[in-house]
Amino acid sequence: MKYYIIIPAYNEEAFMALTLQSLVEQTVLPSKIIVVNDSSTDSTAEIVTSFSEKYPFITLVNKKSDAIHLPGSKVIQAFHEGEKHIDDNYDIIVKVDADLIFPNNYFETIIKHFQSDAKIGMAGGFCYIEKNGDWILENLTDKDHIRGALKAYRKETYKQIGGLKPAMGWDTVDELLCKFYNWKVVTDESLHVKHLKPTGASYNKAARYKQGEAFYSLGYGFFITAIASLKLASRKGKPFLFIDYIMGFWKAKTSGKQLFVTPEQAKWIRNYRWKKMKEKLF
């Protein structure tokens with residue numbers, strides 16, 4: 001199976017070479033790697049160019065955008081820019097962050113998952129962060145969720161869910177729509193990926209409101225949003241984030257913001273979320 005990787009990158013000179021080196025050392029190499037340099041002011045572009053001169057399957061694409069960092073929108077707009085530079089001759093499309101180190105067998109293992117079952121629509125490993133000299137699981141989500149940093153999609157699945165939404169929550173709605181269309185989402189606990197820059201390290205207040213806005217856009221409704229907000233705030237060890245999330249939800253609701261999903265999909269998502277919560281309680 002052929003796989004293409006798209007890497008949005010903004011000022012990643014500290015990690016870019018480490019990420020690319022881990023990708024060119026894969027036991028099954030990607031057919032294409034597109035790195036979208038999104039208005040970096042450091043040497044990100046030069047690092048990518050040095051790799052592309054050595055490895056012809058690596059391409060640098062330069063994109064201009066505002067420097068403001070809003071989770072989801074900026075990174076997925078860069079991803080969409082990368083999509084303009086690929087053909088349709090792939091089996092798997094992968095969105096990767098520019099601050100990861102993959103084990104050498106990562107994509108060989110991911111391909112085996114897709115080959116094992118034609119109904120697997122998405123697959124991924126787990127992110128680990130360094131703490132006091134040890135690499136520990138970056139435990140922000142349930143074990144059945146693939147982190148936004150390393151998403152791999154079967155082409156048919158990717159097209160059916162309508163690609164990636166350029167807003168915070170994109171890496172949740174993709175999996176929910178995947179399940180809505182009866183595709184399977186597979187996570188592999190044997191695949192440990194080093195995440196060099198912990199998630200949310202640079203989020204500001206506006207970005208934190210965006211999380212609540214994302215919950216609204218997913219069609220969660222207030223009660224599911226409140227439970228999800230409480231869970232996420234406690235996982236991050238910052239209980240006051242709960243208030244930011246709820247405020248973000250109400251701001252989106254009162255402004256009449258459009259949902260990511262259709263009314264039918266929103267209803268299915270709420271039922272799915274309640275079902276998962278009941279399973280955990282009972």
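Biologist: What makes Tyr216, Phe222, Phe223, Phe249 and Trp250 a cluster?

Modeller: Ring pairs link these residues. Rings of Phe, Tyr and Trp (its six-membered ring) pair if their centres lie within 6.5 Å. Bear in mind that this is a predicted model, where local features need pLDDT of at least 70, side-chain atom pairs count only at pLDDT 80 or more, and totals for chains, interfaces and linings use all residues. Residues are numbered from 1 along each chain as its sequence is written, and side-chain values use heavy atoms, leaving out hydrogens and water.

Biologist: How many aromatic pairs does the rule give?

Modeller: The count comes to 19.

Biologist: Why is the pair of tyrosine 3 and phenylalanine 107 called stacked?

Modeller: Planes under 30 degrees apart count as stacked, over 60 as edge-to-face and the rest as tilted. Here the planes are at 15 degrees and the ring centres 4.7 Å apart, so the pair is stacked. It links distant parts of the chain, 104 residues apart: tyrosine 3 belongs to strand E1 (residues 3-9) and phenylalanine 107 to helix H4 (residues 106-116). Helices (H or I, at least four residues) and strands (E, at least two) are DSSP runs, numbered from the N terminus.

Biologist: Why is lysine 151 called buried?

Modeller: Buried means under 20% relative accessible area, exposed over 50%, partly exposed in between (1.4 Å probe, protein chains only). Lysine 151 has 0%, so it's buried. You'll find this lysine in strand E8 (residues 150-154).

Biologist: And what makes valine 173 buried?

Modeller: Its relative accessible area is 1%, so valine 173 is buried. This valine lies in helix H6 (residues 170-180). Tyrosine 3 and phenylalanine 107 are buried as well.

Biologist: Why do you call the link between lysine 151 and aspartate 174 a polar contact?

Modeller: The term means a pair of N or O atoms within 3.5 Å; within protein, one must be able to donate a hydrogen and the other to accept it, and residues adjacent in sequence count only if both atoms are side-chain atoms. The side chains of lysine 151 and aspartate 174 are joined at 3.1 Å.

Biologist: How do you know that the charged end of lysine 119 sits over the ring of tryptophan 183?

Modeller: The rule wants NZ of Lys or CZ of Arg within 6 Å of the ring centre and within 35 degrees of the ring normal. For lysine 119 the distance to the centre of the tryptophan 183 ring is 4.4 Å. Lysine 155 likewise sits over the ring of tyrosine 90, with its charged end 5.3 Å from the centre.
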